[in-house]
Structures are given as structure tokens and as C-alpha cells.
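Please keep the sequence and the coordinates in view while reading.

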Amino acid sequence: MASESESWNVLVTGGAGYIGSHTVLELLNADFKVVVIDNLSNAYRGPSDEKPECLNRVERLTGRNLVYIECDINDINALKSVFEKYSFQCVIHFAALKAVGESCEIPLEYYKTNVSGTLNLLEIMRDHGVKNFIYSSSATVYGIPECLPLTENTKTGNCTNPYGRTKFIVEEVCKDLCDSDKAWSIISLRYFNPVGAHPSGEIGEDPNGVPNNLMPFIAQVAVGKRKMLYVYGNDYETPDGTGVRDYIHIVDLALGHVKAMIYQKTQHPLGFRAINLGTGKGYSVLEVISAFERASGKKIPYEIVERRLGDIAASYADASLSNAEFSWTAKKNLDEMCADTWRWQVNNPNGYKVPQR
């Protein structure tokens, strides 16, 4: 892969987060040079003052070095200084607020970071002639599905929560940007529900406070950190009444970003392209609980409660375009997702806040 990565320096925003850190690991494995910026709003610095603990572990796992800069995308002057110091050929943009429920409670913060922060980034990229952009989008741009599976041609914009609307708005900005300047190459990766952890058990999802997503919450219940899982609604029009989602292993997702960037490098200029990253199969909440019980050997106590604001009944992808365009297909199944999550949780019961066993 050395020839594919030759001369490409990549900026990864939000690279100390869950998806970002796994993608950085795969970029380093593929011989790309990586600069990470993150404001550490959702990452633990660890014992070193130089890098967040997850990035220290990424360097150990890969045997390669990366550059880390503490920077907030809302700070336009700090962003400018990064681009003045380093030369980039591509930017992979993860930095964002990401909780559906929270976005309904503090929408202004979501629009400020996810929309205004991204505008800051795109403006500085334009000013420095960096026009290859991989955008971390979401299946939430599809809103309430009229039919399943969701394809890239499915109508977007009928979003059910502010988080989804911020992703939709940025996609529209990117379309306009590509229409205005044919030198831009933007791939918007609409991914579904990332779960799991690196098979080493050294890096994984480490949410601040109470987890907003199903899998880390289940894992914390299994390890004894939380007493009970709350299942939000069992009256949806799904086989067992609980919400159905397309869960994708984080390693598959990270490799999808690498594949997309190599494709972008060889097919430039692309204009704007939206591509789903998912498995094409949906699992209900109760099915995920059962799979995790098999993986962990633990009983997961749960309680059915009212539906959560902004949630939908079911969502899963048609992921055939990613295979057709850049030969990417999700390979790991739900049992592997649960097993890797459990390995991470057992090895790191408090996340990155204590040394790994």
C-alpha cells in the first residue's frame, strides 16, 4: 500500500475519539502520515501531557508515530495555525457532537460545532488549496425511512433530530461547494451504528458519563459498572417491538475510510459523493442483548421504558455502492462485534482512565 499512500499527509479532526482513533490506526498501518487535532471533549488525555491515551496506544499497536495538536474546530485561529505549519493532501473530518438525545436538549451547541465548526474547516482548507475531504456523515440524514434498505438515492433532509439536521446541512454545503469549484473532491460517508473495538482490546469506545449508545451501555452493565439497561420502547413496528439498527464493526468502518481516501486519491476530482457504510442487516435491541450475553457469559438485566425523543423504528443500509466504487464490504458479524466490545470492556473497565492490564 506504500505507493497508494505516497506523499499523502492526512489531517484527522476528532482523531482522539472512538471512530477517529480506530481510523488513525488503520491509516498508520497503511503508511499514511497523520496529524490529529482534537479538543479532548470526548477523549481522555491519560498520564502523558503530550497525547491522549488512545493515541499513545495507537502508536504502540502500529509501531508508527503521529502528530497530535490540541485544537477546537470552533477556534478559527488555532485551525489556521495547523494549516500554516503542515501541508495536507486530505482531511478526514470526525470532530463533532454526536448524541441524538442530547442534540434535542442543546441544539445550539450542535449547530455551532457541527455546522459552524465545519464551515471554519472548509474555509481554511479552501484558502490553503486542500480540496480532498472525507466527511463523517450519518444515516440520520435519511430521517424516517419510507422504505428499507436505505440507498444513497433515498431522500434526505426529513431528519428527526438536530444532530441529523446538522449532518444534512453540512452535506448540502459540500454539494454547493463542489458545484462552485470542480477541483473539490468530497466523499460523505453515511454510516450507521458503529460498535465493537480493536481486536487487541487496547482501544475502544470510552464515553464520558452515561453512554448514549446501546453497545457501550450493555458492556458497562455486563462488567458491573451499571445496574440496568433501559430499552427505549417495545411498541415499534419491528419483529419484537424494539428498535432495529444496522450495527457495523468499528474496524470495518475505519478500513472503509482508508479505502474511500485511496479511491479519492486515484479518481480525483470526484465532486460530491455520498456513500453508505453499513452491513445491510438490521438487529433489534433484544437481539443485540442476546448476542452480548453469549459473548460475555453474563446476564444483562433490562427494563422497558418510554421511547426516546428523536428515535426511529428501523434503519439499515444498502451498502452495495461502497463495494462497487472502492471494493469495501463489512466483514465482521454481530457476534464478533460483541466479543471485541467485551474484550475491551474487561481489559479497561474504566476506559482509558486506568492503565491497561
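Leaving aside its neighbours within four places in sequence, K33 is in contact (heavy atoms within 4.5 Å) with W8, N9 and V10. The model is a predicted one, in which local features need pLDDT of at least 70 and side-chain atom pairs count only at pLDDT 80 or more, while totals for chains, interfaces and linings use all residues. Residues are numbered from 1 along each chain as its sequence is written, and side-chain values use heavy atoms, with hydrogens and water left out.

K33 belongs to strand 2, residues 33-38. Helices (H or I, at least four residues) and strands (E, at least two) are DSSP runs, numbered from the N terminus. With a relative accessibility of 58%, K33 counts as exposed; the classes are buried under 20% relative accessible area, exposed over 50% and partly exposed in between, with a 1.4 Å probe and protein chains only. From K33 to N56 the separation is 23 residues in sequence and 16 Å in space, C-alpha to C-alpha.

N56 is one of the buried residues of helix 3, together with E53, C54, L55, R57, V58, E59 and T62. Helix 3 spans residues 53-62 and is mostly covered, 8 of its 10 residues being buried. The cover over these buried residues includes helix 2 (18-29), strand 2, strand 3 (67-70) and helix 12. After helix 3 comes G63, which has a positive phi near 70 degrees.

Helix packing can be followed from helix 8. Two packed helices are described by the angle between their axes and the distance between the axes. Here axes are lines fitted to C-alpha atoms, for helices over the stretch in contact, and angles run from 0 to 180 degrees between N-to-C directions. Helix 8 (residues 214-222) and helix 10 (residues 285-296) have axes that come within 11 Å and cross at roughly 40 degrees. Helix 8 and helix 10 are therefore oblique to each other; angles under 35 degrees count as roughly parallel, over 145 as roughly antiparallel, 65 to 115 as roughly perpendicular and the rest as oblique. In this contact, L214, M215, I218, A219 and A222 of helix 8 meet V285, V288, I289, F292 and S296 of helix 10. These residues divide into 9 nonpolar, 1 polar and no charged, where Ala, Val, Leu, Ile, Met, Phe, Trp, Tyr, Cys and Pro count as nonpolar, Asp, Glu, Lys and Arg as charged, and the others, Gly among them, as polar.

Helix 8 also packs against helix 12 (residues 334-347), with axes that come within 10 Å and cross at roughly 55 degrees. This pair is therefore oblique as well. M215, P216, A219, Q220 and A222 of helix 8 meet L334, M337, C338, T341, W342 and Q345 of helix 12. By class, this contact has 8 nonpolar, 3 polar and no charged residues.

The structure holds 0 disulfides, a disulfide being a pair of cysteine sulfur atoms within 2.5 Å. The sulfur of C71 lies 16 Å from the closest cysteine sulfur, that of C54, which is too far for a bond. C174 is likewise in no disulfide, and the nearest cysteine sulfur, in C178, is 6.7 Å away. C174 is buried, at 0% relative accessibility.

Most residues other than glycine have a negative phi, and most peptide bonds are trans. L40, in the loop between strand 2 and helix 3, has a positive phi near 65 degrees. A cis peptide bond, with omega about 0 degrees, joins L148 and P149.
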